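Colleague: I'm new to this one, so please take me through it bit by bit.

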Amino acid sequence: MVQISTSRRRALLRKYARNIKFLMILGSICLIVAALPKQAQFRYEFEKGRIWNQKDLVSPYSFAILKTPQEIENDRKTALASITPLYRFDRDMGKQQTEGFRNDLEIKWHTAGLPDNQKEKYQAIGVNLLTDVYNKGIIKVNQRHQRNEALNISVLNNNISVERNINDLFTRDRALNYCEQQLNVRKDIDKAFLLDLISDRLLVNLTFDDKLTAKSEKEALDNLSVTRGMVQSGETIVAKGAVVNDDIFQKLQSYKKAFEDNARIDGDVNLVLFGRFLLVGLAITLLIVFLYLFRRDIYGDNRLVGLILMVVTAMLATLSIAIMLQIPTLYYIPYCIVPIIIRILFDTRLALYIHLLVVLIAGFFVPNSFEFAYYQITAGMVAIYTIKNLIRREQFLTSALIITATYFVAFLGISFIRQGSLATIDWLDFIPFTVSVLLTLLAYPLIYAFEKLFGLTSDITLIELTNTNSPLLREMAFTAPGTFQHSLQVANLAENAIYAIGGNALLVRAGALYHDIGKIENPLFFIENQTSSFNPHDKLPYEESAQIIIRHVSKGIDMARKSNLPDIVTDFIRTHHGNTRVDYFYQSFLKNFPEKFIDENIFRYPGPIPFSKETGVLMLADSVEAASRSLKEPNQKSISDLVDRIVKYKLDQDQLKDSNITLKDIETIKTIFKRMLMSIYHVRIEY
């Protein structure tokens, strides 16, 4: 069996990771290119009311001028108004009802008590009235036409259409009134008897033909022209310095449509796709270079690179879907969701860079790209600024309100530039921005999903962890109250120090609160929890006492894992003592057993040493706070000497060499520690 050396195995793993990263980048680029619109892009940007600052635009070919949406709508209304509703005439209805009248008369005559010699006269009068009514027509007006009392309709009889006015036709009520009026002049008949027979036979014989009418309306709409006039080849569409008025704007819109249609027919789709690939590829490559140069920690983690590429691809894919669906305006899309997610999961600089990248790519495919870019870049910057230091959940709502205000200011400014009038602003155009901001609040559940999916820890999670009512901290407060108070003081010291030198203050606070949770198991073995003169270490060998003290680190790591604390917080437990010695017990052993040989590692913490600013600051804060409790007379000099001595010891022991803390940072940290400790111990500063 072939054995692979450790160095060879590492080289293979690095190569495999690089290949995975390359495939992720290539896949992201291809997905974005595939999702974006495929047609060639019109090169000119234009808006109503703006001055055309480019050279004279001359049409390279003839094209039709498109009508405006308002003109098309007016034409539609006119065309529909010109279509007369079609009603079908039922010829058989009159014959059927007349015959029915004869039968009814025959049946009811014997009970009417009228002379038999009058029967034919009654029948003739009734038949004549029904014939007159049915020949004229009884109509039931469709609900669509009831409001128009003077409506003309087309009556279809034997496939012959005759235009009639609705007032010239009977409704059932009007037909009954007509019959009653005709019978009123006849004094020789029983009007009530005959009118009752006739009324039973008055039924509609003119019915609305919805399908045929709809077909006529569709034909009329299909025949409408969507153009008005032509721009000839060689004709100037707009001259340099001209104001883009309504007429010029419509010509430019028509030229843009003609250009896109021609490009779709005559252009090489493969070249268009290749151009998109170059543009998107360049932008994504610049992002990867940025990560390599400035965020090597992210670049080296394919999981994090994959998350960033997923967010960018998803945002641009959403834009592409919106363009394909032709939603009324693209400003409904919550673009600010990207910088918020990246800011919460990573940092401010990366969030701004990625937001600019997304807006730059999107700008190629949206109308009025400069206006779009201005709206989104300003709103995105504000979104990042407002959650720079996330310490409360309600900051999301505050951020949403400030983003809305930013959109509103930009909306007003652009409206004034376009129209120069407050009265002509359509305030309904601002609704999409409001909807966009509301959708931006979806960042909150998305952040939670990304945390679980990619194993990240956001500031929101850290806020939850710093709640002292969390189960683990409550247990420490009850079981090891001295350690809990120590942790609170360390959190305050470390948080203020890291805030001054630059770093994640929320992460430091969370790490400080949990760094000593391992002491919960044997709280009385730690001096801050001893409330009497009894010290259990007095009965133990120095080596065993040292191991009990050292074990609080491994115990703390175990407890953190059982409580599902994030690794980034558990790192503070691992590193807060680095690989220093438990000097008290080590020196005591040397003093009492000078002749014995002892392995120094028994008295040394396993490490690792701090590897970030945050973990380095916590180590210093932990040591300084613990040592300050031993001061018999805390004053300005003793506190200053203590801080200097502790920090120097850590530096001499090389505990901070991997923590990226500069000498300038060290001086700042010491100044803050001294000032805060003097405040804690109520030391009066001498001036």
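Predicted model: local features only at pLDDT ≥ 70, side-chain atom pairs only at ≥ 80, totals over all residues.

Colleague: Which residues have the most contacts inside the largest nonpolar core?

Modeller: A nonpolar core is a set of buried Ala, Val, Leu, Ile, Met, Phe, Trp, Tyr and Cys residues joined through side-chain atoms within 4.5 Å. Buried means under 20% relative accessible area, exposed is over 50%, and partly exposed is in between, with a 1.4 Å probe and protein chains only. The largest such core has 73 residues, and the ones with the most contacts inside it are Ile284, Phe346 and Leu350.

Colleague: And which helix gives that core its largest share?

Modeller: Helices are DSSP runs (H or I, at least four residues), strands are E runs of at least two, and both are numbered from the N terminus. The largest share of this core is eleven residues, and they come from residues 302-325, helix H11.

Colleague: How many residues are in the second, separate core?

Modeller: Look for Tyr586, Ile598, Val617 and Leu618, which this core includes. Its count of residues is 66.

Colleague: Back to Ile29: is it buried or exposed?

Modeller: Ile29 lies in helix H1, residues 6-35. Leaving out residues up to four places away in sequence, Ile29 touches Phe277, Val280, Gly281 and Ile284. Because its relative accessibility is 6%, Ile29 counts as buried.

Colleague: How far apart in space are Val127 and Asn270?

Modeller: Val127 sits in helix H4, residues 119-136, and counts as buried because its relative accessibility is 11%. It touches Thr98, Phe101 and Arg102, setting aside residues up to four places away in sequence. Asn270 is 143 residues from Val127 in sequence, and C-alpha to C-alpha the pair are apart by 80 Å.

Colleague: What radius of gyration does the chain have?

Modeller: The C-alpha trace spans about 155 × 80 × 75 Å along its principal axes. The radius of gyration is taken over C-alpha atoms, and the globule rule is 2.2 Å times the number of residues to the power 0.38. A compact globule of 687 residues would come near 26 Å, but the chain has 44 Å.

Colleague: How many helices and strands are there?

Modeller: Those 687 residues are 44% buried. As for the secondary structure, the chain comes to 27 helices and eight strands.

Colleague: Which helices do the buried residues of H21 pack against?

Modeller: H21 covers residues 505-514, and nine of its ten residues are buried. Among them are Leu506, Val508 and Tyr514. They pack against H18 (459-465), H19 (471-479), H20 (481-501), H23 (567-575) and H25 (613-628).

Colleague: What is the relative accessible area of Leu642?

Modeller: Leu642 is in helix H26, residues 636-652. Leaving aside neighbours within four places in sequence, it is in contact with Val624, Ala627, Ser628 and Leu631. Leu642 is buried because its relative accessible area is 2%.

Colleague: Past H26, is Asn660 buried or exposed?

Modeller: The loop between H26 and H27 (663-680) holds Asp654, and Asn660 is in the loop between H26 and H27 too. Asp654 isn't a glycine, but it has a positive phi of about 60°, and Asn660, also a residue other than glycine, has phi near 60°. Asp654 is partly exposed because its relative accessible area is 44%. With 60% relative accessibility, Asn660 counts as exposed.

Technical notes:
Residues numbered from 1 in each chain as written. Heavy atoms only, no water. Contact = heavy atoms within 4.5 Å.
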